[in-house]
Amino acid sequence: MSIQGSGTRPQDTAGTPSSPASNGANGADELPADLQDERLIASSGISGAVSAFTARLRSGDLGSVPVVIGLIIIWAVFQIANGSFLSSRNLVNLTLQTTSVGVIALGIVLVLLLGEIDLSVGSVSGLSGAVLGVTFVNKGWPLVLSLVAGIALGLVIGLFYGALYTRFGVPSFVITLAGLLGFLGLQLLVLGKEGSLNLPYDSALIGFATRSFLSPAIAYALIVVVVAVYALTRLRTRSARAAAGLSAAPMSMIAIKAAALAVVLLIAVLILNGDRGVSSMFLLFLALVVATDLAVRRTRWGRAVVAVGGNVEAARRAGINVRMIYLSVFAACSTFAAVGGLLAAARLVAVNQSSGGGDTNLNAIAAAVIGGTSLFGGRGSAYSALLGALVIMSISNGLALLSLDSSVRYMVTAGVLLIAVTIDSLSRRSRQAHGRA
């Protein structure tokens, strides 16, 4: 059973030629919406970019706008309610709390791009943490070997899911629901009667997760490097498109985007440096987000993932190895879950029977959806995991500062999730009506 549903979706008929009337009266209107936007930006510069952005919003192509607005509102409300919410100390804590959930949510984003689901990421993360604790503490394995074992376990679980799905057609919902229960039981078995293990506080892993922060000089230097790489990449893309006779973004747009990126990063680093600084663990999460985004947008594998999620039959007829795509995505999802479980165990300096339980599944799946990944497949971004995790953990962090119990947090999170799914459904209808689906 796929989240996409069993009925024929509107995009399944994308290969059918449309009438001229459906595309507009003139030749420009017959162009794909994305190509129209590119030409408008190339010809009109900043004003064209504003017009293209406005057109996308009107057509329902909202992107990350709703979650960014929502995050700003959430931060404003909590800051008004408690003046320490946006303090440097609390925001550093927020980055630490966000990391493990965000890493797990990255895997959920990939699975949702296919229109599938993985309900077992919490159990897989807890099992990975249990394997780390037992092998490192009880068995005396080297730390690196214990980490590799935990990550490899996640990879094997994902391959197992993918094999069941592609070979026997078992719905992903059922496979991963069984995994949720089965691997939770295996976690309890691995931990044994004690049920809890404390990790050595002086180990390199614990130091990385709890005490490793970038110095201000390194953090500012990293901003320069990131902005320079971004600008050079954009310039290279612009040159390549111009050489091929395609529309290219004007230099002013590249400069504005690079400057905006620099300002956002500088403000964030300035605030975090007011306390302990930028966490190395959070930096690892950001690196994984960027790497996943590049893999989805810039590689054949990533384009195949999006194609399969948009229309699996069309992707198969185009020569894409659909079975391999499913295998690789399920494997990536469980691997991210395992990495998230290892980071969570390191931050808490312990593993126990509740590791990966509670609201881990809820937070990871909700983060991906709230961040803007479509439940219908084919649309989403790795940055959805970052934005969604920030929203989820901001709610948890803010309510904790207000001394409100978990019952309120669950209800608030449920409301935010429902709003996000409703926006996704409505924007999908609007995109279909405007030919942007």
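**Helix packing and burial: worked exercises**

The axes of helix H3 (residues 65-81) and helix H16 (residues 382-401) come within 10 Å and cross at roughly 15°. Helices are DSSP runs of H or I with at least four residues, strands are E runs of at least two, and both are numbered from the N terminus. This is a predicted model, in which local features need pLDDT of at least 70 and side-chain atom pairs count only at pLDDT 80 or more, while totals for chains, interfaces and linings use all residues. Residues are numbered from 1 along each chain as its sequence is written, and side-chain values use heavy atoms, with hydrogens and water left out.

**Exercise 1.** Describe how H3 and H16 are oriented and which residues meet.

*Solution.*
- Step 1. Axes are lines fitted to C-alpha atoms, for helices over the stretch in contact, and angles run from 0 to 180 degrees between N-to-C directions.
- Step 2. Angles under 35 degrees count as roughly parallel, over 145 as roughly antiparallel, 65 to 115 as roughly perpendicular and the rest as oblique. H3 and H16 are therefore roughly parallel to each other.
- Step 3. From H3, Val-67, Val-68, Leu-71, Ile-74, Trp-75 and Phe-78 meet Leu-387, Leu-390, Val-391, Ser-394, Ile-395, Gly-398 and Leu-399 of H16; contact means heavy atoms within 4.5 Å.
- Step 4. Sorted by class, this contact of H3 with H16 has 11 nonpolar, two polar and no charged residues. Ala, Val, Leu, Ile, Met, Phe, Trp, Tyr, Cys and Pro count as nonpolar, Asp, Glu, Lys and Arg as charged, and the others, Gly among them, as polar.

**Exercise 2.** Is helix H15 mostly covered or uncovered, and where does Asn-363 stand?

*Solution.*
- Step 1. In H15 (residues 360-370), 10 of the 11 residues are buried, and the helix is mostly covered. Buried means under 20% relative accessible area, exposed over 50%, and partly exposed in between (1.4 Å probe, protein chains only).
- Step 2. Asn-363 lies in H15 and is buried, at a relative accessible area of 7%.
- Step 3. Not counting residues up to four places away in sequence, Asn-363 touches Val-101 and Ile-392.
- Step 4. Just after H15, Gly-372 takes a positive phi of about 120°.

**Exercise 3.** Which residues touch the most other members of the largest nonpolar core?

*Solution.*
- Step 1. A nonpolar core is a set of buried Ala, Val, Leu, Ile, Met, Phe, Trp, Tyr and Cys residues joined through side-chain atoms within 4.5 Å.
- Step 2. Of the 97 residues in the largest such core, Ile-108 and Leu-132 touch the most other members. Helix H4 (residues 88-113) gives the most to this core, with 15 residues.
- Step 3. Leaving aside neighbours within four places in sequence, Ile-108 is in contact with Asp-118, Val-121, Cys-333, Ala-364, Ile-365 and Ala-368.
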